[in-house]
Amino acid sequence: MIEKNTPLVIDNSGEEPLSNFSDNPTFAAILDARQQRRAFLKGGVGAAVATFMGISLVGCGSDDDDNNSSSSSSSSSTASSSTSSSSSSAAPMLGFTAIAAARPDTILVPEGYTATAFVPWGTPLTGSLPAFNDDGSNTGADQEQQVGAHHDGIFFLPMDAKTTGTNSDEGLLVMNHEYFDPNVFHTNGPTSVDGKRPTDEVRKEVAGHGVSVIHIRKTDNVWAVVEGSVFNRRITGATPMDIRGPVMASAKLSTKYSPNGTETRGTLNNCGSGLTPWNTYLTAEENWAGYFVNKDATMPREHSRYGVPDDHGRFYWETAESGEDLYARFDASTLGATAADDYRNEPNTFGWMVEIDPFDPESKPQKRTALGRFGHEGVIFAPAEEGKPIVCYSGDDSTNEYIYKYVSADNYYAAIAGGYLLNNGTLYVAKFNEDGSGDWLPLDISNPDFIAKAADAEVTFADQADVLINTRLAADVMGATKMDRPEWGAVHPDTGEVYFTLTNNSGRTVTDAANPRPENRTGHIIRWRENADANTFEWDIFLLGGDVGTTTGEISLTADNHFASPDGLWIDSRGVLWIQTDMSGSQQGDGPFGNNQMLAADPVTKETKRFLVGPMDCEVTGVHATPDLKTMFVNIQHPGDRSAVGDFTSHWPGGGTSRPRSATVIVTKNDGGMIGS
Ligand code: FEO
Ligand code: CA
Ligand code: CA
Ligand code: CA
């Protein structure tokens with residue numbers, strides 16, 4: 001007797017609901033105060049601040065012996081237009097002609113460049129190398145051996161990364177797979193039978209998530225996967241992982257799978273990523289809370305503050321027909337006698353940064369709990385300095401959430417550096433003051449200020465593990481600044497200046513200096529530089545997103561660079577800032593911005609030009625390049641994400657009537673030059 005599968009409607013907006021109901025005040029300061037400070041800086045009184053906010057970047061592009069043609073602009077420009085070609089006359093920091101906003105179902109790049117789709121979702125990678133079936137009929141077992149869905153954060157690690165790091169012809173392409181589009185992923189969309197998900201659909205969906213490690217090589221100027229390489233690897237939502245750092249073995253991580261709280265299975269909703277100074281890959285767990293359900297009458301704070309649903313998981317994985325433990329664990333309700341008899345603590349094993357060593361295929365991924373638990377967008381490291389602590393930054397991409405900094409307790413020594421540096425350190429959260437200064441507030445149970453503020457707020461933490469499991473609550477307690485959805489960060493390789501995207505926050509009513517616009521639909525980019533004391537910083541707003549004519553100080557957006565919802569961010573070794581956008585489907589469809597895109601900016605002059613436009617209903621997210629900057633890898637996520645079953649809104653990259661597939665795009669310059677030059 002065969003039950004008929006019925007279509008399942010899944011809300012796949014991909015964003016967690018607002019869960020910051022803390023009443024820590026936002027700043028009363030408003031945009032006027034911000035503008036006053038700007039006048040102050042221009043008046044020269046704040047010379048020290050003005051220096052690090054740009055002028056000291058002059059000449060910063062000559063860091064790399066290979067990149068001798070691209071020193072940055074020597075002008076401390078006061079260009080009235082960010083696209084004025086004269087603003088970069090001293091050096092071709094951005095030598096290409098900007099492309100127009102558009103809505104193609106293909107990739108657009110400037111004249112003189114070529115863009116080629118590479119390793120799309122479903123590319124055979126490991127094991128028996130199952131071919132991709134365009135009718136959506138690949139099984140869960142197939143997907144476990146194929147490149148995952150929804151390409152996101154990406155890095156190219158040259159094969160000699162651990163020595164000279166100059167190989168631009170062969171390396172490991174390591175990338176995240178954030179989630180999947182149910183209507184595109186399966187032949188007939190997602191289904192259920194008597195309220196249960198067919199197990200192989202769930203298996204395939206779990207395997208669509210995670211990370212791919214792909215060994216690639218360039219031969220006669222054509223990049224290809226090295227088939228059968230021992231480095232080719234899939235890490236999925238089911239891969240066994242270790243819990244490390246201060247939260248390891250916490251009673252709040254005890255589960256039926258790992259009663260002592262030292263292990264878990266899988267990583268989910270892997271958005272951005274980061275590269276450690278010792279050449280391992282960190283993958284971020286972003287919107288993980290929605291994958292679980294907790295039906296208990298009272299939900300613990302470590303679930304409620306993160307938005308774990310109380311009715312069902314986003315994809316109903318907990319209902320998998322087989323009832324097997326691997327999927328039943330997504331029900332975090334209290335079902336057994338003790339925590340070791342059920343999965344009430346399973347959500348506590350997610351929300352971390354996960355370290356993967358792509359050069360060690362046998363290595364087990366490690367969840368690095370010292371970096372905190374939240375909706376990690378990604379992570380960006382400051383350049384490591386011998387004999388000093390390592391420093392990295394991570395944003396919590398949810399409405400009104402925070403930006404964090406981690407500083408290791410131990411010093412960095414290149415010869416012995418490793419993941420242990422991520423197991424012991426201090427996590428700070430950012431407070432942006434309205435006068436352009438900032439404070440890093442320690443989330444440290446031994447810190448007197450933290451103890452006092454927790455007492456004032458009548459919040460109790462049992463130990464540092466409890467603080468880290470409840471990172472958002474700890475940040476609430478300290479009075480961190482509620483941001484307009486922090487996404488990626490980028491650190492300038494020479495100056496250490498940090499840039500962060502704040503993608504949008506249409507619900508903002510109370511503004512502050514760092515988030516100066518109510519109903520901020522188009523987002524902005526903020527930047528700061530650390531002060532010598534390491535506990536304070538100076539900041540300003542680099543660029544406000546918006547339509548043509550939107551101004552940030554003296555810079556006014558034009559048709560060559562108007563943008564909204566900045567998300568992905570990377571600064572290459574020359575100092576070019578690459579900005580990627582993640583506008584919603586409606587913002588792409590109705591707005592003046594066209595499809596999602598990537599722009600290149602000069603951090604000194606703020607000259608900004610649109611470099612790439614993606615296909616219909618996609619997001620452009622994740623960018624990296626070979627060391628010679630002559631091959632760029634850009635990820636295109638969820639083309640056609642507003643598709644109905646069998647009615648696709650994009651056919652990229654296959655064209656014709658084919659199913660849309662997330663893919664990497666390889667960008668090269670036709671004359672063999674550096675990208676952007
Ligand atoms: Fe996965 Fe915040 O984007
Ligand atoms: Ca993102
Ligand atoms: Ca986004
Ligand atoms: Ca996304």
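**Notes on the core, the sheet and the calcium sites**

1. Starting with the packing: the largest nonpolar core has 67 residues, and the members touching the most others are Tyr291, Trp317, Leu371, Tyr404, Leu422, Val429 and Leu443. Helix 10 (residues 471-478) supplies the largest share of this core, five residues. A further core of 27 residues lies apart from it, with Ile107, Trp570, Met598 and Val634 among its members. Keep in mind that this is a predicted model.

2. Leaving aside residues up to four places away in sequence, Val429 touches Tyr402, Ile403, Tyr404, Asp439, Trp440, Leu441, Leu443, Ala475, Met478 and Ala480. Two of these, Tyr404 and Leu443, turn up again in the list of core residues that touch the most other members.

3. Strand 18 (residues 425-432) and strand 19 (residues 437-442) run antiparallel and are joined by five bridges. Across that pairing, Val429 faces Leu441 in strand 19. Both strands belong to an open, antiparallel sheet of nine, ordered 15-16-17-18-19-23-22-21-20. At the edges sit strand 15 (380-381) and strand 20 (486-491), each pairing on one side only.

4. Glu487 in strand 20 and Asp567 in strand 26 (residues 566-571) are 80 residues apart, so the site ties together distant parts of the chain. Both Glu487 and Asp567 are buried.

5. Ligand 2 has calcium neighbours to look at. The calcium ion (ligand 3) is 3.6 Å from the calcium ion (ligand 2), and Glu487 coordinates both. The calcium ion (ligand 4) is 5.1 Å from the calcium ion (ligand 2).

6. Last, ligand 4. Glu178 sits in the loop between strand 4 (170-177) and helix 4 (182-185), while Gln637 is in strand 31 (residues 631-637), 459 residues away, and the pair links distant parts of the chain.

Conventions. Residues are numbered from 1 along each chain as its sequence is written. Chains are lettered from A and ligands numbered from 1 in the order in which they are written. This is a predicted model: local features need pLDDT of at least 70, side-chain atom pairs count only at pLDDT 80 or more; totals for chains, interfaces and linings use all residues. Side-chain values use heavy atoms; hydrogens and water are left out. Donors are N, O and S atoms within 2.8 Å of the metal (3.2 Å for Na, K and Ca); water is not among the atoms, so sites may look incomplete. Helices (H or I, at least four residues) and strands (E, at least two) are DSSP runs, numbered from the N terminus. Two strands pair if DSSP finds at least two bridges between them. A nonpolar core is a set of buried Ala, Val, Leu, Ile, Met, Phe, Trp, Tyr and Cys residues joined through side-chain atoms within 4.5 Å. Buried means under 20% relative accessible area, exposed over 50%, partly exposed in between (1.4 Å probe, protein chains only). Contact means heavy atoms within 4.5 Å.
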